[in-house]
Amino acid sequence: MKVHIPTPLRSYTNASVVEANGATLAELFADLERRYPGIRFRVINEQDEIREHLKVFVNQEIAENLTAPLHPGDDVRIIAAISGG
Amino acid sequence: MPKPRSKTKSRAPAKPSDGAAIAILVGTRKGAFIIHGDKTRRIWKDPVGMHIGSIVHHMVMDPRDGRTILMTAHTGHLGPTIFQSTDLGKTWKEASKPPAFPKAPEGQTGRSVHHNFWLTPGHASEPRVWYVGTSPAGLFRSEDDGMTWEGVSGFNNHPKYNPLPREDETPPDGQTLHSIMIDPRDPKHMYVGLSSGASGVLETKDQGKDWAPINKGITGLDAYGIPPDAETGPEPHCMRIHPVNPDRLYQQSHMGAYRMDRAEGVWKRIGENLPKEHGISDYSFPIALHPRDPDTVWLFPLDGGFPLGRITPDGMPATYITRDGGKTWKRQDKGLPKGNGWFSLKRQAMTTDSRDPVGVYFGTTGGEVWASRDEGESWTRLAMSLPEIYSVEVAEFAR
């Protein structure tokens, strides 16, 4: 499935949209880590929580945690908050 | 993917192509900068920026190999990591396993590293070993030049000195482990500074398996409701051990500037001996030591009024030097602003080199880097308009 990558993470992927697979978000991020080492920890902390200023949307629905189920063809977007200074 | 460095790769000390003999490594709120200087320390190049946009608390060159630089980095959005360079910042490799606390058992609350704060190369007998202190307070060790990190469980799981803090107990930038100091005579003998609910200077004699506080003698605790005989609580800002006499410790604390000779085991407030002039106090953040003379120390005093501005009093910055272990102090402000120099220094933002006479360097919260090549007698501004400076370290190159 397609995963949309925000600008702060494109140093890992060199692309704004990448392909990755998994039956849950946890599996998807494991696959992303295999393809783009280092990317998972920048998004998911060691307690398996999505970091505070990032959100993950599946088919435009916000995913609260890594147990969210995924299906082939789902649209996954990692969104960086418009915040900071 | 960061590839493990080949063990057969040359580890010869770095030699900058521009002929630089020294470099100032500057960590800032918006990236890192390196400033190269010549052997006279009179000619300095413009700062070269890297990782612009990342929050860089610390950038340190390994004095043991003269080439490996580690940098802590995170952003407002992305998690914390550590980068390594062996070509003076031209290219960087990210740690394949950055510092991280263990995942908590189901149903329990675990800690996660917010940022890596203080880097310390390991003992001379342990090449490629590094330590990093984090926020919230944790201690991590790498044995491969910063590529992979493991928690020092004796500290990270200590039941007494590292309790989970209440949010309202943390310092403004968060609970922090800093001032990782290793006894040059013994890699198992280390100190750390802890800024948190159970703050203070802690010591281990078994390389981190167990820890004990050494905070006797710190004054003024009653003003904060802390019993004078409390084992912890005095909030060190920066603690250093002297490389030639490791039984001589100095710290710049929230409670003033102190010296301890281990045989005595009590901190003595040397900041009280500062001259009563220019509105200064012994409240500050950094403290810098002479690399050879255990009696020579530099402070950067801030205002001492109420409320604490934590800023240069009257906008007149100066270092103060003692050459007798803190009994007497002398103001050093030649070349520094005589007014409207309003800034502060973070705890990692003042340091010294190993030359003779010693070079002293500091970076300001206003983004200026200042240098003295005559032990603070006169100052020259090397850079201005950088982002808020968090740390200043020196890298010296064999030529």
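Colleague: In β23(B), which residue is the bridge partner of B:Thr319?

Modeller: B:Gln332 is that partner in β23(B). Before going on: this is a predicted model, where local features need pLDDT of at least 70, side-chain atom pairs count only at pLDDT 80 or more, and totals for chains, interfaces and linings use all residues. Residues are numbered from 1 along each chain as its sequence is written, while chains are lettered from A and ligands numbered from 1 in the order in which they are written.

Colleague: Which strands does β22(B) pair with?

Modeller: Strands (E, at least two residues) and helices (H or I, at least four) are DSSP runs, numbered from the N terminus, and two strands pair if DSSP finds at least two bridges between them. Here β22(B) pairs with β21 of chain B (residues 297-299), antiparallel over three bridges. Another three bridges join β22(B) to β23 of chain B (residues 330-332), also antiparallel.

Colleague: Which way do the residues of β22 in chain B point?

Modeller: In a regular strand, side chains alternate between the two faces of the sheet. In β22 (residues 319-322), B:Thr319 and B:Ile321 point one way, B:Tyr320 and B:Thr322 the other, and all are buried (20 or more other C-beta atoms, placed from the backbone, within 10 Å of a residue's own; 12 or fewer is exposed, in between partly exposed).

Colleague: How many residues does the largest nonpolar core have?

Modeller: Nonpolar side chains tend to be buried together in soluble globular proteins. A core here is a set of buried Ala, Val, Leu, Ile, Met, Phe, Trp, Tyr and Cys residues joined through C-beta atoms within 7 Å. The largest has 98 residues, and B:Ile35 and B:Val369 are among those with the most contacts inside it. Leaving aside neighbours within four places in sequence, B:Ile35 is in contact (C-beta atoms, placed from the backbone, within 7 Å) with residues including B:Trp44, B:Val369 and B:Leu382.

Colleague: What pattern does chain A follow along its sequence?

Modeller: Chain A reads β-α-β-α-α-β-β-β, with three helices and five strands. Its radius of gyration is 12 Å, close to the 12 Å from the globule rule for 85 residues, so chain A is as compact as a globular protein of that length. That radius is taken over C-alpha atoms, and the rule is 2.2 Å times the number of residues to the power 0.38. Buried residues make up 28% of chain A.

Colleague: How many residues does each chain bring to the contact between A and B?

Modeller: Chain B brings 17 residues and chain A brings 16.

Terms used:
Contact = placed C-beta atoms within 7 Å.
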